[in-house]
Amino acid sequence: MANKKTSTKTRKSTLLDEFISLAIVNLYLALSFSVLITLNSLALLKHGINAFNYGVAIVGALIIGKVIVLSEKLPLVERYGDKPLIISVGYKSILFTIIVLIFNVAEHFVVGLFQQESMSKVLIELKYHFFQFDTIYQIFCLFLVFIPFFITRELDEILGKGKLFDLFFKKRTLNLNEIDA
């Protein structure tokens, strides 16, 4: 009986941890994408085009956030976990940018299939979409958004789960003996 309660509590705890992790990822991405949308919209506003569309930022953040949380379970992600932070963070930023691009390509295929377009037409649209200057810029911005995200994730892992949060929001001191080795 006690074992069943422990198992249920462990599942609830795991589910809550996953939900919090997803919420943090989604919040960070939504804020980052909203800033990028605002910058883009302000540039377009100079030319008389009103393009403030935060719905795209929020939906994009929700989708990409879920992709990130699921992809973090892949063994490929921790390939350089024992290397210096610059290598680990750079690798994860590049890897997750590529993963998001793969999901973007898959999305274009699914949309094309639902619209009953031929495979060649979908491929031509993908080629046109990915070789536009603004798409390349968006990919680069996504890569840049991932860098501080993975820096904080890596530091939290190195210092010990929750220690970085404590440094930011609770106490400013850190006992070096408390750091998980």
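User: Over residues 89-110, how far apart are the end C-alpha atoms?
Analyst: Residues 89-110 are another of the stretches that the unreviewed UniProt entry annotates as "transmembrane region". In the predicted model this stretch is 100% helix and 0% strand, and its end C-alpha atoms are separated by 31 Å.

User: How many helices does the chain have?
Analyst: Read from the N terminus, the elements of the chain run α-α-α-α-α-α. There are zero strands, and the number of helices is six.

User: What radius of gyration does the chain have, beside that of a compact globule of 181 residues?
Analyst: Along the principal axes, the C-alpha atoms fill a box of roughly 55 × 45 × 30 Å, and 27% of the 181 residues count as buried. A compact globule of 181 residues would have a radius of gyration near 16 Å, whereas the value for the chain is 20 Å.

User: What length does helix 2 reach from its first C-alpha to its last?
Analyst: Helix 2 covers residues 54-71 and has 18 residues, for which 26 Å would be expected at 1.5 Å a residue. Its buried residues include Gly60, Ala61, Ile64, Gly65 and Ile68.

User: Which residues does Ile64 contact, leaving aside its neighbours within four places in sequence?
Analyst: Leaving aside neighbours within four places in sequence, the contacts of Ile64 are Leu29, Phe33, Val100 and Phe146.

User: Is Val25 buried or exposed?
Analyst: Val25 is placed in helix 1, which covers residues 2-45. Not counting residues up to four places away in sequence, Val25 touches Gly65, Ile68, Val69, Phe149 and Arg153. Its relative accessible area is 0%, and because buried means under 20%, Val25 is buried.

User: What is the relative accessible area of Asn26?
Analyst: Asn26 lies in helix 1, and beyond residues up to four places away in sequence it touches Ala61, Leu62, Gly65 and Lys66. Asn26 counts as buried, with a relative accessible area of 12%.

User: Which side chain forms a polar contact with that of Lys92?
Analyst: Lys92 belongs to helix 3, residues 85-114, and is buried, with a relative accessible area of 5%. Leaving aside neighbours within four places in sequence, Lys92 is in contact with Val77, Glu78, Phe150 and Glu154. The polar contact, at 2.4 Å, joins the side chain of Lys92 to that of Glu154.

User: Which residue provides the backbone oxygen reached by the side chain of Ser93?
Analyst: Ser93 also lies in helix 3, and at 0% relative accessibility it counts as buried. Not counting residues up to four places away in sequence, Ser93 touches Phe143, Phe146, Ile147 and Phe150. The side chain of Ser93 reaches, at 2.8 Å, the backbone oxygen of Val89.

User: Against which helices do the buried residues of helix 3 pack?
Analyst: Helix 3 has 30 residues and reaches 43 Å from its first C-alpha to its last, close to the expected 44 Å. Its buried residues include Val89, Lys92, Ser93, Phe96 and Val100. These buried residues of helix 3 pack against helix 2, helix 4 and helix 5.

User: Which residue with a positive phi follows helix 3?
Analyst: Helix 3 takes in residues 85-114. The residue that follows it with a positive phi, near 55°, is Gln116.

Conventions. Residues numbered from 1 in each chain as written. Predicted model: local features only at pLDDT ≥ 70, side-chain atom pairs only at ≥ 80, totals over all residues. Heavy atoms only, no water. Helix = DSSP H or I, 4+ residues; strand = E, 2+ residues; numbered from the N terminus. Buried < 20%, exposed > 50% of the residue type's maximum accessible area, 1.4 Å probe, protein only. Polar contact = N/O pair within 3.5 Å; in protein donor to acceptor, adjacent residues only side chain to side chain. Contact = heavy atoms within 4.5 Å. UniProt positions renumbered as here; feature names shortened; annotations may be inferred. Expected span 1.5 Å × (residues − 1). Rg over C-alpha atoms; globule rule 2.2 N^0.38 Å.
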